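Welcome! Here are some exercises for getting to know a structure, each with a solution worked out step by step. Have a look at the sequence and the model before you start.

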Amino acid sequence: MNTATKLTGFALGLAAVFGAAYGVGQVTGPAAPVVADGHDAGPHGTAAPGQETGGHDASGAAGHLPGGLLVSDRGYTLVPVAAPEGEFAFRVSGPDGKPVTRYEVTHDKPMHLIVARRDLSGFQHVHPELAADGTWRVASPVNSPGVWRAFADFTPTGGEPLTLGVDVTVPGELTERPLSAPASSSTVHGYTVDFHGTPQPGGNTTLTFTVSRDGVPVRDLEPYLGAYGHLVALRQGDLAYLHVHPEGGPGDGSTAPGPQVRFAAEFPSAGAYRLYLDFRHDGVVRTAEFTVHVGDPGAIPSPEGVIADEHGTPGHEHN
Ligand SMILES: [Cu+2]
């Protein structure tokens with residue numbers, strides 16, 4: 001038995017934890033943690049990144065729980081389903097137990113699927129297609145041995161924004177990647193992205209990214225998912241998926257198409273986080289990655305560049 005398949009579900013310390021086996025194409029993993037929906041169906045404030053929390057109270061009793069930690073929340077459950085090799089498929093079951101088939105479009109898409117390995121490598125952000133029976137399908141972004149976290153970021157019609165997460169194991173030889181050191185600059189495919197911001201635990205932090213190519217500021221970023229960039233932040237250790245809001249967007253007059261892109265993020269605790277900035281230029285979406293240590297006064301970002309691209313592909317392109 002290899003290392004990957006020996007890794008099993010982990011206790012979340014929340015309500016009852018049950019195991020449920022499933023197969024995802026060639027991905028056959030150990031029991032995935034399934035957390036009983038043991039709390040009230042009240043507001044949790046688990047808004048999707050960049051998603052205004054709208055009418056619901058984001059400061060509810062469980063409102064401090066970041067997104068992505070639960071496979072089931074407020075009656076909605078993320079259910080991976082068997083798929084042909086090379087494809088990833090899942091459904092979301094609703095409070096009535098049936099697959100959800102109606103979704104709101106948020107950030108230009110009805111469903112955002114984000115995956116990362118539990119060592120925070122391999123980040124991908126893709127947009128599955130919905131079949132009439134409620135099954136979402138996409139070319140599998142889960143592509144190297146190890147334990148992955150898959151996040152479904154969506155708003156069911158008539159419901160509130162949710163980010164559900166589930167572990168997916170890819171059998172094989174696991175090569176763990178250590179997390180890169182904190183750095184204020186990242187390069188990806190000829191672009192340099194500089195990061196400014198001093199995240200503090202518990203508060204709202206403005207994160208500013210400045211995009212340049214060959215030393216020239218990029219002033220013609222293209223809208224991507226309703227903004228000039230899309231940011232995902234994951235916490236090392238449990239891959240909590242943070243709330244991130246773009247500050248301004250195309251057409252609202254408040255922001256230019258580069259070189260700076262700003263976000264507001266809430267870091268729920270001290271610790272290490274990985275930031276993934278998707279931006280679009282010349283028709284291609286690229287991802288710049290940064291490690292940030294929150295609440296560590298000794299962790300001033302260094303100017304050392306970090307090669308952000310770990311996808312092994314020349315920019316994952318999607319619209
Ligand atoms: Cu998306």
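**Exercise 1. Which residue in S11 does Leu130 stand opposite?**

Solution. Before the steps, two notes on the model. It is a predicted model, in which local features need pLDDT of at least 70 and side-chain atom pairs count only at pLDDT 80 or more, while totals for chains, interfaces and linings use all residues. Residues are numbered from 1 along each chain as its sequence is written.

Step 1: Find the strands. Helices (H or I, at least four residues) and strands (E, at least two) are DSSP runs, numbered from the N terminus. S10 covers residues 129–130, and S11 covers residues 135–139.

Step 2: Look at how they pair. Two strands pair if DSSP finds at least two bridges between them. S10 and S11 are joined by two bridges and run antiparallel.

Step 3: Read across from Leu130. Its opposite residue in S11 is Trp136.

**Exercise 2. What is the strand order of the open sheet of five strands, and which strands stand at its edges?**

Solution. Step 1: Going across the sheet, the order is S5-S6-S7-S11-S10, with antiparallel pairing.

Step 1: The edges are taken by S5 (72–73) and S10 (129–130). Each has a single partner strand, so one side of each is left without a neighbour in the sheet.

**Exercise 3. Describe the open sheet of three strands.**

Solution. Step 1: This sheet has the order S18-S21-S22, and its pairing is antiparallel. S18 (230–235) and S22 (284–294) are the edge strands, each pairing on one side only.

Step 1: On average, neighbouring strands here are turned by 20 degrees against each other, direction ignored. Such axes are lines fitted to C-alpha atoms, for helices over the stretch in contact, and angles run from 0 to 180 degrees between N-to-C directions.

Step 2: S21 (residues 271–281) is joined to S22 by 11 bridges.

Step 3: Turn to the loop between S21 and S22, where Asp282 lies. Asp282 has a positive phi of about 50 degrees although it is not a glycine. Most residues other than glycine have a negative phi.

**Exercise 4. Where do S14 and S15 meet, and how many residues lie between them?**

Solution. Step 1: S14 (residues 183–188) pairs with S15 (residues 191–196) in the antiparallel sense, over four bridges. Across the pair, Ser185 stands opposite Asp194.

**Exercise 5. Which residues have the most contacts inside the largest nonpolar core?**

Solution. Step 1: A nonpolar core is a set of buried Ala, Val, Leu, Ile, Met, Phe, Trp, Tyr and Cys residues joined through C-beta atoms within 7 Å.

Step 1: The largest core has 63 residues, and Ala152, Ala233 and Leu234 have the most contacts inside it. Its largest share, six residues, comes from S12 (residues 146–154).

Step 2: Now follow Leu234. Two residues are in contact if their C-beta atoms, placed from the backbone, lie within 7 Å. Leaving aside neighbours within four places in sequence, the contacts of Leu234 include Ala116, Leu120, Tyr273 and Arg274.

**Exercise 6. Over which residues does pLDDT stay under 50?**

Solution. Step 1: pLDDT is the predictor's confidence in each residue, from 0 to 100. The chain averages 78, and 72% of the residues score at least 70.

Step 1: pLDDT stays under 50 over residues 1–62 and over residues 299–319.

Technical notes:
A residue is buried if 20 or more other C-beta atoms lie within 10 Å of its own, exposed if 12 or fewer, and partly exposed in between; C-beta atoms are placed from the backbone.
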